[in-house]
Amino acid sequence: MPLIKIPPPGPKSKKIIEMDQKYLCNSTKVSPIVAEIGKKCILIDIDGNEYLDFTSGISVANIGYQHPRLKAAIKKQLDKLIHFAPQDFYNETQVKLAKILCEISPGTFDKKVFFSNSGTESVEAALKLARAQRNCLHVIAFIGAFHGRTMGSLALTASKPIHRREFLPLLSNVTHVPYGNCYHCKFESPSECGFYCADYIEDVIFRTFLPPDKVAAIITEPIQGEGGMVVPPEGFHENIRKICDEHQVPLVMDEVQAGLGRTGKMFAIEHWNVVPDIITIAKSLGSGVPIGATIFNSKYNFDESGMHSNTFGGNPLACAAAFETIKILQEEKLVENSAKMGKFFMKRLKEFENDYEPIGQVRGKGLMMGIEFVKDKKLKTPDLELPKKIMSAALKKGLILLPAGVSVIRIMPPLNIDEELATEGLNILDEVLKESC
Ligand SMILES: Cc1ncc(COP(=O)(O)O)c(C=O)c1O
């Protein structure tokens with residue numbers, strides 16, 4: 001249970017924060033926690049405060065912190081080999097991980113895997129695969145998307161102007177189209193729209209300025225994370241898939257945040273009746289040991305060695321951590337727990353939506369949830385300040401939260417959270433909402 005002994009940041013934390021500000025770039029962190037120890041869903045800071053974590057380190061700690069099986073698997077690999085040019089020499093852990101990823105990911109066709117070290121790199125690989133296969137440049141991405149911050153993936157990212165402002169021009173030939181965001185539908189009357197947001201690609205983009213045979217890929221997230229935990233309606237992804245099929249355009253599904261059990265399915269796109277051609281994962285794959293993977297239909301392979309590679313991707317240590325993470329998710333039924341606990345959370349969050357005027361909408365699937373704050377429920381004007389106030393007040397009571405989108409708080413606890421801890425965190429949130437709204 002959370003336990004705040006000294007208001008954060010305590011004296012030891014303050015020292016580290018000062019050093020951080022002196023020596024690190026990106027020193028404006030979202031909250032003043034200097035975490036030292038993790039235990040399942042709890043983080044302990046260097047001043048001894050104990051917090052309940054509703055972020056999983058942005059969907060990384062899906063199996064919780066310091067899982068004993070994960071530690072044992074990493075230690076076992078440490079005693080054998082950390083690294084030996086995994087893209088140039090063969091290695092058993094890498095092959096075993098690739099095999100299990102091909103087996104558990106959607107699609108019965110032959111697949112292959114490219115390993116990297118992060119989400120953005122897994123997206124870069126997907127982009128290069130699609131471009132090489134289609135021998136053309138153009139990519140369609142979605143407004144509100146987040147796909148990373150390297151120069152290729154940044155061109156696809158469209159969730160906040162700050163991400164791009166100082167870095168223009170980016171990769172050219174990317175067209176952004178509206179996402180299936182019914183709460184903020186750009187096409188009015190969502191109930192009668194027949195997914196116009198998806199059809200817009202065919203009706204407007206392809207008919208007026210972009211020949212579909214020049215499109216290398218359509219890339220999307222199954223649920224937009226950074227963009228505000230936006231869950232598209234049933235039928236949205238199916239329509240996109242249909243458009244891709246009609247024009248033989250590969251569909252890239254970015255599961256970096258939503259993947260590996262987070263939404264109550266191993267892959268979030270399994271909530272829709274859709275099989276992507278290329279899937280990107282990272283974040284929770286190594287439970288904190290950096291690893292990214294691009295899983296793809298074998299027909300999109302890089303044909304010649306040297307077309308794409310890296311130094312660390314597929315290194316034995318990260319692969320051992322990732323393989324064990326998947327085994328833990330499967331054997332401890334954490335995906336099922338995510339679905340079950342998601343319903344538990346959602347019931348209470350819906351009560352909050354009714355009770356508190358500034359909550360415009362709560363939404364999510366499994367343990368990937370968001371609360372959107374508005375100044376006016378009818379106009380849906382975002383309340384930019386309230387989420388910050390709530391997150392700061394929650395922290396003082398021992399609950400860690402993170403923002404998303406314009407005015408959303410994300411709720412993403414580790415997948416092994418139980419009802420007791422969930423209730424504890426939700427009670428803190430309720431108290432804070434009562435005080436702040
Ligand atoms: C959907 C999605 N794709 C890609 C990325 C980029 O991942 P990374 O920060 O590991 O580069 C993120 C990060 O939040 C993400 O949420």
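1. Helix H7 has a covered side: strand E5 (138-142), strand E6 (174-177), strand E7 (215-220) and helix H8 (236-247) are among the elements that cover its buried residues. The model is a predicted one.

2. Which residues of H7 (residues 196-208) are buried? They are Cys197, Ala198, Ile201, Glu202, Ile205 and Phe206. Viewed down the axis of H7, these buried residues fall within an arc of 165°, so they line one face of the helix. An α-helix has 3.6 residues a turn, so residues three or four places apart point the same way. On the face of H7 turned away from the buried side sit the exposed residues Arg207 and Thr208.

3. A helix pair comes next. The axes of H4 (residues 92-104) and H9 (residues 316-331) come within 8 Å and cross at roughly 35°. The crossing of H4 past H9 is left-handed. H4 contributes Thr93, Gln94, Lys96, Leu97, Ile100, Leu101 and Ile104 to the contact, while H9 contributes Pro316, Cys319, Ala320, Ala322, Phe323, Ile326, Lys327 and Gln330. Sorted by class, this contact of H4 with H9 has 10 nonpolar, three polar and two charged residues.

4. On the protein as a whole: there are 12 helices and 16 strands. The C-alpha trace spans about 60 × 60 × 45 Å along its principal axes. A compact globule of 437 residues would have a radius of gyration near 22 Å, and the protein's value of 22 Å agrees with that.

5. Of the 437 residues in the protein, 56% are buried. Among contacts between residues at least 6 apart in sequence, 74% join residues at least 24 apart.

Conventions. Residues are numbered from 1 along each chain as its sequence is written. This is a predicted model: local features need pLDDT of at least 70, side-chain atom pairs count only at pLDDT 80 or more; totals for chains, interfaces and linings use all residues. Side-chain values use heavy atoms; hydrogens and water are left out. Axes are lines fitted to C-alpha atoms, for helices over the stretch in contact, and angles run from 0 to 180 degrees between N-to-C directions. Helices (H or I, at least four residues) and strands (E, at least two) are DSSP runs, numbered from the N terminus. A crossing is left-handed if the near helix is turned anticlockwise from the far one by less than a right angle, and right-handed if clockwise. Contact means heavy atoms within 4.5 Å. Ala, Val, Leu, Ile, Met, Phe, Trp, Tyr, Cys and Pro count as nonpolar, Asp, Glu, Lys and Arg as charged, and the others, Gly among them, as polar. Buried means under 20% relative accessible area, exposed over 50%, partly exposed in between (1.4 Å probe, protein chains only). The arc is that of the directions from the helix axis to the C-beta atoms. The radius of gyration is taken over C-alpha atoms; the globule rule is 2.2 Å times the number of residues to the power 0.38.
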